[in-house]
Amino acid sequence: MQITDEFLRLEKTTIPEVGDPLGQQLMDRAKTYFGYELDDVKTYSVITVDKTMSEMAMGLIQDNFVNPVTEISSFEPLLKKAETEFDYVIHAHWGAGVRDNPGATALEDLLDMTPEAQGASVFSSKIYAIKGGVSKEDVEKLAAEMLTNDIVEGFEVYTREEWDDNVGIGRNTPFVTLNKEPQLDVIPLEDLTDEFLQKYSDERNLALHPQDIPIIRAYFHRDDVRAERRELSLSEGPTDIELEQIAQGRSDHCEHNTFKGIFTVIDKDTGEIVIHDNLFKKYIELPTIELAEARGGVPSLLWDNAGVDFFGPDHLYAITGETHNSPSNMEAYGGAITGIVGIYRDPMGTGLGFDMFMGAFGFCTADPEKIYQYQAKLNARRLLDGVIDGVKDGGNKSGIPTPFGNILFNDGYQGKALVFVTALGISEREIDGVPQELKTIHPGDYAIMCGGRVGKDGIHGVTAASEERTEGTPKGHVQIGDPYTQKKMQDFLIEAKKEGLIRFITDNGGGGLSSSCGETARQINSNGTSGLEVDIDKVPTKYDGLDHWEKWVSESQERMTVAVEPSKFDRFMELSKKHAVESTMIGNYNENGAMKITSGGKPIAYIRGELFKEAFPQWKFEGEWSSPEMRGLTEPVLKAPEDLGALLHKMLGRPNICSKEYIHRLYDHEVQGGKVIGPLVGTGENGVPNDMPSDAVVFQPVLGKKTGLVFTQALIPQYYGIDAGHMTAATIDEAVRNVIAVGADLKQLGGVDNFCWPSVQYHPENNPDGKFKAAQLTRTCETMKGACEAYGIPLLSGKDSMYVDGMNTDPETGLQKRISAPGTLQFTVSTPIEDVSKVVTSDAKEAGNLIYMIGTTKDERGGSEYFEMAESIGLNVPKTDYVANMKVYRKVVEATQGGYVKTSKNIKRGGLGVHLAIMAGGGNLGVDIDLSDVRTDKEHANDVIMFSESTGRMLFEVAPHHKAQFERIMGDSAYHIGNFTQQDYQVTGVNGKLAVDEGIMGLKRSFKKPNEDKCYVRGP
């Protein structure tokens, strides 16, 4: 019996008629990952309560936790030998101290049901009953490498003989027990040398830069600082919590020291030396300020948690994006869900708080279908599945649509995969005359921590993100985000801000309280002063025994720091209780210009804000640039067949081209009701509409208004190996074309730049190509500045995530190899659109309509999908003419908004042939085009015209009765290349012969087939 004097356990499973989708998924993944052919898997969900309750309460539990139509349940073990055939049982559960979201949610429900739940804890777990010809070692491998991750989870495996029907899994209550009192480590001042600080940093994973260490050491040796500390009865030497605070504040993740450094780059072709002093200021900050001023100002950019731009006459929207690479490479699901719910808190903590209306994602991994000799902790397939599920749960369970995302595979992401996350929020411009993008702090305001409690999870996330991943990377920085708690907190804070209760708000993200309190302590108050005092003992914790520094730097999720004036404190706490959100006053803002932390009424930390304004030396980097020709790159020798149809089928099925419909189907696009154009468009098949990808999405964050928000993202790291400058130009140009393809204007474009770059610090043994990587980074920044100026795009927000390198291991020999990801820039473009009724989609509409094209096709297949298919990189990377393109794009906007364009499609990765097939496939229509009508810079072969990736090109569908109007606006910028037809995809080559003759549905099958078996979820 599982009802004892200590705990009770409820098990449930689906009835046979319903089947077991989770079990089927495990069988599919066991075959995909390991080649194991399992006969059957039956799954059971388990809820364990660490106290007993009355029969009435137990009945309430079953009534509320079990669906009587589809599930059966029992407080005794359901899995019995006599009733179910199985060979092994896996019990998978969360580790002690790891956020158990189902368990936490179940406890809240229990507390609502019955007072008997007071003082209880609830734990969730899973049981898998497995039948099949596998050994116990095989099952343990499944459990360890597919079902759990030892960083956050545990498991037990039982054979059929070992399984006891009466005992089942036994008690599963993984409490955290820290049998110690909080400690404070004090470093004697006489020991505080540069050598000591470097060793201390290495041992504690502080990631202090060697150039920063002398400044930090000198600060504590200053006579005035020592005298002040003596007066406070604080040790002259630093405490551990102080050094943790300084390390967080100076980390590359928070301070962007690489981008603010000095790059000395030599062009080895010419001998020219160029010094780039502060990439951020020169290429991002100053151009953005000028661009914002040129279009009449931007409400807020480059300082808050997110950038803010105007949205119609009455509203503002906030946008930001960053990465969650390091945690996701350690624990894919936890890293991704923490990333997406964490980025949601950035708009929530911008200005006085923005209400979330949309999120987006980007996944860059190694090819999940390949077996690599040098392996990371998580193979690419498991990592991809994990991050997909993490973002799915983070968005869907938060009630926030996730309509856009990029998925990209490249061998370079073996060392460290990338997980991009983006968030957008909406707010009124003013509430009761108070501008919502502004916030300030007054001396005497209370510092309040809202949301979740603090635990060991999420410790050293910021400093770990400032280093490459190695075997020694601390595992404590992995967390499990809780979208339910965050949704309650979001609703609470939005209501509080509408009542005028919030003076200042910011996110407890990277670095936890050390970040939010450290930054707000240095925030200039309304009277020009700053300062904050915090009582660390007031910080609510998940369990006892945490050291002071652990409370301070923990990145436990779903927390915000809010400044509230004392007169409004009671009402703020009243609302907090109403929404069942825990809020705690942990300190007061003051005027003394320092961060002071106390415990037991005594100071344990005191750091002047001026330390972080010290003239820390800029980090220095050497760069070397050689042209692709000088590096020995050449074009491959290829001879395409006369019939390009087979090539087109193969291109459409390639991993970076083929349909990712199965991922988009997992994400909710309809929640909140604002979707105008989602990630999938078109006629569809078998009664299911919308099955082809859109270039951009359009949402209405304010229902009832005609105004919408157009959003898109682009990244093309495949060009990095040739020239990161041209990669950047092509990326930004693609993003601009994506938004005008759905009908957006060019008057109010906003950008978000997300850099993920391998280490640029040269080391002859550890990073011998560091100088090339550094030069590539400077080329990217220079190009981004030029492109943004040409297209009029101020950078509303952005983030740089450096050190996308890893040491992978050959499991057979233990040999380790450093693998660096390609320099990657994800570029986001967003813009309001005045009337969403005028948007267009990328799916062809009607046979007989005309196909027009813009742009010139050149032999620019360097880094292309076509060359990659031929296992080559090439030389002739696409080159972008911003000025010429912008002139044409303005005409495109006029023609589209005039109603003369039925369909618009961007030509990007894969080239004309691929995107014409996607466009036609969206409407299940054929095409009839002539390649000799395509504008080229000179004579080219059919395959060049079909698969070149030259920028500045788009396709348009125009009805015959709009031909004259369209041509009048576009002039000679657009040219007619053919027509849409009923069914066949026909392309006449430059020699007048038929080069492609394929059925459109066959091409569509090639596009969808690689991932079609994964598309379990179908819907609009």
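I began in the loop between β25 (680–681) and β26 (692–693), where asparagine 686 lies; helices (H or I, at least four residues) and strands (E, at least two) are DSSP runs, numbered from the N terminus. The model is a predicted one, in which local features need pLDDT of at least 70 and side-chain atom pairs count only at pLDDT 80 or more, while totals for chains, interfaces and linings use all residues. I kept in mind that residues are numbered from 1 along each chain as its sequence is written, and that side-chain values use heavy atoms, with hydrogens and water left out.

**Entry: two asparagines in one loop**

I looked up the backbone of asparagine 686 and noted a positive phi of about 55°, although the residue is not a glycine. Asparagine 690, in the loop between β25 and β26, likewise has a positive phi, of about 65°, without being a glycine. Most residues other than glycine have a negative phi. For burial I used relative accessible area with a 1.4 Å probe and protein chains only: buried is under 20%, exposed is over 50%, and partly exposed is in between. Asparagine 686 counts as exposed because its relative accessibility is 80%, whereas asparagine 690, at 19%, counts as buried.

I then went to helix α12 (residues 332–348), which holds arginine 345, a residue that is buried with a relative accessible area of 1%. Its side chain makes a polar contact of 2.8 Å with the side chain of aspartate 507; by polar contact I mean a pair of N or O atoms within 3.5 Å where, within protein, one must be able to donate a hydrogen and the other to accept it, and residues adjacent in sequence count only if both atoms are side-chain atoms. Leaving aside neighbours within four places in sequence, I found arginine 345 in contact (heavy atoms within 4.5 Å) with residues including Asp507, Asn508, Gln557 and Arg559.

Serine 516, in helix α16 (residues 513–521), counts as buried because its relative accessibility is 0%. I noted a polar contact of 2.2 Å between the side chains of serine 516 and asparagine 508. With neighbours up to four places away set aside, serine 516 is in contact with Thr506, Asp507, Asn508 and Thr561.

**Entry: aspartate 309**

In strand β9 (residues 307–311) I looked up aspartate 309, which is buried at a relative accessible area of 0%. Its side chain makes a polar contact of 2.6 Å with the side chain of arginine 295. Aspartate 309 also touches Val298, Leu316, Gln748 and Leu796, among others, when residues up to four places away in sequence are not counted. From aspartate 309 to valine 298 I read 11 residues in sequence and 5.6 Å in space, C-alpha to C-alpha.

**Entry: the whole chain**

Finally I turned to the protein chain, which has 28 helices and 40 strands. Its radius of gyration, taken over C-alpha atoms, is 29 Å, close to the 31 Å that the globule rule gives for 1020 residues, so the chain is as compact as a globular protein of that length; the rule is 2.2 Å times the number of residues to the power 0.38. Along its principal axes the C-alpha trace spans about 85 × 80 × 65 Å. Of the 1020 residues, 62% count as buried. Among contacts between residues at least 6 apart in sequence, 82% join residues at least 24 apart.
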